[in-house]
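Try each task before you read its solution.

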Amino acid sequence: ATALLVGGVLCGGLANAQEADQMPPPAEAAPTAGPVAATPAAEAATEAATPGVPAENTEPAAAPVATGADQAADTGALADDGGIAEVLVTARRREETAQSVPIAVSVLGASALEDHHIDDIDDLQNVVPTLSVSAASGRPNAPVYSLRGIRPTEAIYGQDPTVAIYFDDVVLSPAQGSNLGMYDLSSVQVLKGPQGTLFGRNTTGGALLLTPKRPGRTFGGDFMAGYGSYGRDETQFGIDLPLADNFTMRLSGRTIDSNGYQTNVAEGPLHGDKLGGESTRSARASAVWDITDKIENYTVVSWDHKSTNGRGMVLKAANPTGYYLKCYDGPSNPNGACFDGDNLASIYDAVDRAKGRDVNKIESDHRQFDNTRAVGVVNTTTAQLGEGLNLQSIAGYRYLSSSLYIDLDSSPVPCLLDS
């Protein structure tokens, strides 16, 4: 991320800052075991004609409608006769072909997600046109979503998003932690344009529908292990457990560890510390219970924890006329001392140093972190009342806790702009 420092207030005050996100270098992941290959992130951006790239229907929208996703077919798959197979979506709460849905929708099935090694919601922007995902003020666990250029300024508790994220038909709100759980999915559907008819508010830009894999009726499973650059290693598994004729379960989980791609070069005890790494632990259990021939109960319980060592921003400029910044022009401040015993480092010297080094080498006077833990429960009960008529109840619960410390001024100057 880059930061343009315009003004500042001492020790926890606010400042006007402009910040653009910096993407980490792609991790060159390679498979070590299992049927799923950990392909490099750079290969995720492929041509639209490549099999596995999400199919997109751009018919004019007859009405702004959308809903949750269920079991969408993999896109780019070939039919038995050699043609392109139909792409099934559930963007209107019933299974339809993508060609018949009167909205613009991009769909990625399980195979496409694995082929492009999409293990974070940020990766979707590499294969879905008009979608952009960025970190709010350098916070890796607070993504800001944009569709067709419509986005909020920040991902904060008191601000409504413009793109809603749904996990198994239940909205993930607030946006903090919505980047977790991107594993063991059967499909991802990206609905573009206003979706207020069936989604309600906060969908001016569109909606993302994440659908986990449902429990299978036969015993089986899958496993993946991979490694990459910057000390990255990961594992993922899923197993189907049919325990009775009318009851089956699926257990899945994931681990990710990496050191980080940024290095703190500021003088002092933090010199050489890494940033941009993570330690992720996730687990999910789902169960399908056929209460009767016409009543089904489907429950998903998930737990996710992601700890990061922060993500440093790169200082680009500082306003020379900023009122408070004039206090930070070194011990021999030509503007005069702002406080008794004024002996503050120069923010302008920090700008000059940043311009002359690699963007992945940053300066910070604090040890940064961004830790998020989320627990979710979704219960869906479906009753068939007659031919083509179903009654469905969807209930959800989400617990979220988050703690962070971010050095927003991107410099070793103490107490300038920290959060």
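Arg284 lies over the face of Tyr183, 4.1 Å from the ring centre; here a charge sits over a ring if NZ of Lys or CZ of Arg is within 6 Å of the ring centre and within 35 degrees of the ring normal. This is a predicted model, where local features need pLDDT of at least 70 and side-chain atom pairs pLDDT 80 or more, while totals for chains, interfaces and linings use all residues. Residues are numbered from 1 along each chain as its sequence is written, and side-chain values use heavy atoms, without hydrogens and water.

**Exercise 1.** Find the ring that the charged end of Arg214 sits over.

*Solution.* Start at Arg214 and go to the ring of Tyr298: the distance to its centre is 4.4 Å.

**Exercise 2.** Work out how strand β19 pairs with β16 and β20.

*Solution.* Step one: β16 (residues 247-258) and β19 (residues 278-292) run antiparallel over 12 bridges, pairing being at least two DSSP bridges between strands. Strands are DSSP runs of E, at least two residues, numbered from the N terminus. Within this pair, Leu251 stands opposite Ala285 of β19.

Step two: β19 also runs antiparallel to β20 (residues 295-308), with 14 bridges. Asp290 has Glu296 in β20 as its bridge partner, and a hairpin of two residues joins β19 to β20.

**Exercise 3.** Decide how exposed Phe223 is.

*Solution.* First place Phe223 in strand β14 (residues 220-227). Its relative accessibility is 39%, so Phe223 counts as partly exposed (buried is under 20%, exposed over 50%, partly exposed in between, with a 1.4 Å probe and protein chains only).

Technical notes:
Helices (H or I, at least four residues) and strands (E, at least two) are DSSP runs, numbered from the N terminus.
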